[in-house]
Amino acid sequence: MSRKKRLAVFASGTGSNFEAIVTACEQGKIPAETVALVCDKPSARVVERASRHGVKSFTFDPKSFASKVEMETVIADFLDENRVDLVCLAGYMRIILDTLLSRYDGKIINIHPSLLPAFPGARAVEQAMEYGVKVFGVTIHYVDRTVDGGRIIAQRAIPYEGNDIDELFGLIHTVEHELYPETIVRLLSV
């Protein structure tokens, strides 16, 4: 019998997508286990969520490393030690460099709150609202050497004609929490 696939989640904030992934694993909806959290903000709420679920955390201050290469080498070693099969970025606000990409090529995915290729990078929802779009969305894509430019795996549109950014973020999070676990299941089944 083959072992369960092992997931790592990278996050920098509250961890609502982390929670959706780890809960789906615990409930058997994702045929995997979440074994690691990587977080660049030691006081982020996601660290407490990981502790509550018994998920091992690697937290760090990026300024404590001499270089980004050193930082990513330590992260990649942590992933290797935990035999991670798939890395899921979930609000991790750092650009992934060649050090991690070369060791985990094709095994790092990201969730982004827009219908890429529209509105890549930070503040995507705010930019889309300022532009006046009427269909927002969520994209899950492979991470490559571009910012939010990797091959798209899944997308889901969210029609919205209001002007309440908090309401819109709530709609986006609801879709993220459904689409990310569904997409992970699909990726693990191939």
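These notebook entries record what I looked up in the structure.

**Basis.** I worked from a predicted model, in which local features need pLDDT of at least 70, side-chain atom pairs count only at pLDDT 80 or more, and totals for chains, interfaces and linings use all residues. Residues are numbered from 1 along each chain as its sequence is written, and side-chain values use heavy atoms, with hydrogens and water left out.

**Entry 1: asparagine 110.** I located asparagine 110 in strand β5, residues 108–112. Helices (H or I, at least four residues) and strands (E, at least two) are DSSP runs, numbered from the N terminus. Is asparagine 110 buried or exposed? Its relative accessible area is 10%, so it is buried; buried means under 20%, exposed over 50%, and partly exposed in between, with a 1.4 Å probe and protein chains only. Leaving aside neighbours within four places in sequence, I found asparagine 110 in contact (heavy atoms within 4.5 Å) with residues including Leu89, Thr139 and Tyr180.

**Entry 2: the strands.** I then turned to strand β6, residues 135–142. Because 7 of its 8 residues are buried, β6 is largely enclosed by the rest of the structure. β6 pairs with β5 in the antiparallel sense over 4 bridges; two strands pair if DSSP finds at least two bridges between them. Isoleucine 109 has tyrosine 142 of β6 as its bridge partner. On β7 (residues 152–159), which runs antiparallel to β6, I noted 7 bridges to β6. There, glutamine 155 of β7 stands opposite threonine 139.
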